[in-house]
Amino acid sequence: MKKLKNLKKNPLLIIFICISLGTLFVSGCIDSSQQELTLPEETRTVLAPGEEEGNPLKVVMIFGPSDSLDPAYKWVGWYVRCAGIYETLFAYDEDMQLVPELASEYEQLNSTAWKISLRPDVRFHDGSPFNADAVVHSINRVLDPENSRYSQYEFIASVSKLDELNVLIRTKEPYAPTIASLTDPLLSIVSPNASDPAHSPVGTGPFRFESYEEGIRLTVVRNEAYRNGAVLLKGASIEYVPDPITRTLRLQAGEADIVRGIPETEVELINEAPELEVLSRETLRTAFMYVNTRKAPLDNVKVRQALNYGLNREEIVRTALEGVGGVPAEGIFPSTLPWSSNERLEGYTHDPEKAKALLAEAGISDTDGDGWLEYAGKPFTLNIRTYDKRPELKPTAEVMASQLEAIGIKTEVLIRETGALSADVSDGNYDLALYAWGVAPTGDPDYFLSLHFESSGKQAGWTGYSSSEVDEWIRLGRSSQDPEERQACYDKVQKKVLEDSPEIFVFYYTELVGENTKVKGYRIYPNEISFLTKDISLEK
């Protein structure tokens, strides 16, 4: 994680920020061969005199929960995990190493059975004990067919109690990512005594729930009895602000201590203030475009490959991301993920002439000499749809549109609300759709590959992509217990997907977080799941 300094100045932005300020004040895989993870000896510390008092940390994030705080509901688990309320059996540390959290170790009994041992002497925020009953209760909530994400965990046949501190998870068939899947915040461990987890969440994390204003603010306070030592912060107030300029102004005005999702164009302004800084770290989030392969001529692989060659990813990063918000993509996964095949892949370089040649082979050419391409006697036009909650996506789409127009494709950018965009894409009402996904939140490649490129995957249904070879490689990859065999399968998937291009990979995200220098101990986690931890403190 590094601090960003000495970036190119942007005087127009400075003027814009000043205007905005005036306006404002006027009116958020473990190696399969490794069979056990053992915990370090627990060390409980005591707060030093004076540390127990202080102001709560003021956090501003982009996204937040809506009407529920139940981690088993849709994607809410991410938000309440970031708030430090809940924990999972296993988790990833800041270096993406799988570590036990509420579990103490695991043992694979056979290809479909896993024994999970639990930490002793852990209590929920309501004082009730954490035990096997709580684990069975929490996982079964996700296995309920009424749960909207149930299908992602259909591989689990059963979860049962062996004794107070041991549970048994059986899978329907061999499933190598079983332990990695237990890091998903969806599987956060909830107190069985919590009568209303949607409105009064009860977990084991370093912070206890205090209050929630729907869509606006979540407030937490220190868990005085946290299992893993002293929690340094008195508490935290987390506000959800979708507008990037407003988020930045909150930090500059001293109304926030940490702000997630700093726009690339504002990094230098923040770093010019001696009391502020922007931290950065490459994450496991990829910006990519879905391609509607059901729609001619995008059903022709040569056209999809031509679009790849028509993009200048270095220019996208340099202009749309100000050179700081990401790195050019090669394949599906960032090279920081051990499962990435980027070093063994031949990605798409920027080659406009090759793009035009492939388009010509697909019957797309400039037939009337006006500089624009035609297909089937009509102008060849494309639209790129995206959403504005991530501020970098709109300028990225605009740069890509300009690049495609440079090879003769008339291209329009359409900004949609996230729900409307999802509806458009799932209904096939699009050409290209620019999204950003965390491609390995559980540290294992099966999560993203199964959803996006297996014929039965939901997102594969969005693109219309289907390959019997890819289906077989994905199936073998998740069933094999041999890490080398799994890697070989995923190498084949990544190579084939890059060739077929049902999705076009644009850049890998670098997360930008602005903070006041009085904040100590904050770290960026590449999977973007952990945020508030016991080690963050706030100098007076």
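Strand E15 and strand E16 (residues 374-375) run antiparallel and are joined by two bridges; strands are DSSP runs marked E of at least two residues, helices are runs marked H or I of at least four residues, and both are numbered from the N terminus. Two strands are taken to pair if DSSP finds at least two bridges between them. The model is predicted, so local features need pLDDT of at least 70 and side-chain atom pairs count only at pLDDT 80 or more, while totals for chains, interfaces and linings use all residues. Residues are numbered from 1 along each chain as its sequence is written, and side-chain values use heavy atoms, with hydrogens and water left out.

**Strand pairing**

- Strands of a sheet pair through backbone hydrogen bonds, in either a parallel or an antiparallel manner.
- Elsewhere, strand E7 (residues 156-163) and strand E8 (residues 166-171) run antiparallel and are joined by six bridges.
- E7 and E8 form a hairpin with two residues between them, and Asp-163 stands opposite Asn-166 in E8.

**Salt bridges**

- Side chains of opposite charge can pair when their charged atoms come close.
- The structure holds 31 salt bridges, each defined as a side-chain nitrogen of Lys or Arg within 4 Å of a carboxyl oxygen of Asp or Glu.
- Arg-217 and Glu-239 form a salt bridge with an N to O distance of 3.3 Å. Because Arg-217 lies in strand E10 (residues 217-222) and Glu-239 in strand E11 (residues 235-240), the pair ties together parts that are 22 residues apart in sequence.
- Arg-217 is partly exposed at 23% relative accessibility, whereas Glu-239 is buried at 15%; buried means under 20% relative accessible area, exposed means over 50%, and partly exposed lies in between (1.4 Å probe, protein chains only).
- Arg-217 and Glu-239 also belong to a network of salt bridges that links them with Glu-213, Arg-250 and Glu-255.
- Glu-528 and Arg-285 meet in a salt bridge of 2.8 Å, N to O. This pair links distant parts of the chain, 243 residues apart: Glu-528 is in the loop between strand E22 (519-520) and strand E23 (537-538), and Arg-285 is in strand E13 (residues 276-291).
- Both partners are buried, Glu-528 at 12% relative accessibility and Arg-285 at 9%.
- In the salt bridge between Asp-491 and Arg-344, the closest N and O atoms are 2.9 Å apart. Asp-491 lies in helix H15 (residues 483-500) and Arg-344 in the loop between strand E14 (326-328) and helix H9 (352-361), so the pair ties together parts that are 147 residues apart in sequence.

**Aromatic contacts**

- A pair of aromatic rings is described by the distance of the centres and the angle of the planes.
- There are 20 aromatic pairs in the structure. Rings of Phe, Tyr and Trp (its six-membered ring) pair if their centres lie within 6.5 Å, with planes under 30 degrees apart counted as stacked, over 60 as edge-to-face and the rest as tilted.
- Trp-339 and Tyr-490 form an edge-to-face pair, because their ring centres are 5.7 Å apart and their planes are at 85 degrees. Trp-339 lies in the loop between E14 and H9 and Tyr-490 in helix H15, so this pair ties together parts that are 151 residues apart in sequence.
- Trp-339 and Tyr-490 are both buried.
- Phe-507 and Tyr-509 form a tilted pair, because their ring centres are 5.0 Å apart and their planes are at 45 degrees.
- Phe-507 is buried, with a relative accessible area of 0%, and Tyr-509 is buried at 6%.
- A cluster linked by ring pairs consists of Phe-288, Tyr-290, Tyr-387, Tyr-435, Trp-437, Phe-448, Phe-453, Trp-462, Tyr-465 and Phe-505.

**Charges over rings**

- A charge sits over a ring if NZ of Lys or CZ of Arg is within 6 Å of the ring centre and within 35 degrees of the ring normal.
- The charged end of Arg-149 sits over the ring of Trp-75, at 3.6 Å from its centre.
- Arg-390 lies over the face of Tyr-509, 5.8 Å from the ring centre.

**Cysteines**

- The structure has zero disulfides, a disulfide being a pair of cysteine sulfur atoms within 2.5 Å.
- Cys-82 is buried, with a relative accessible area of 5%, and Cys-489 is buried at 7% relative accessibility.
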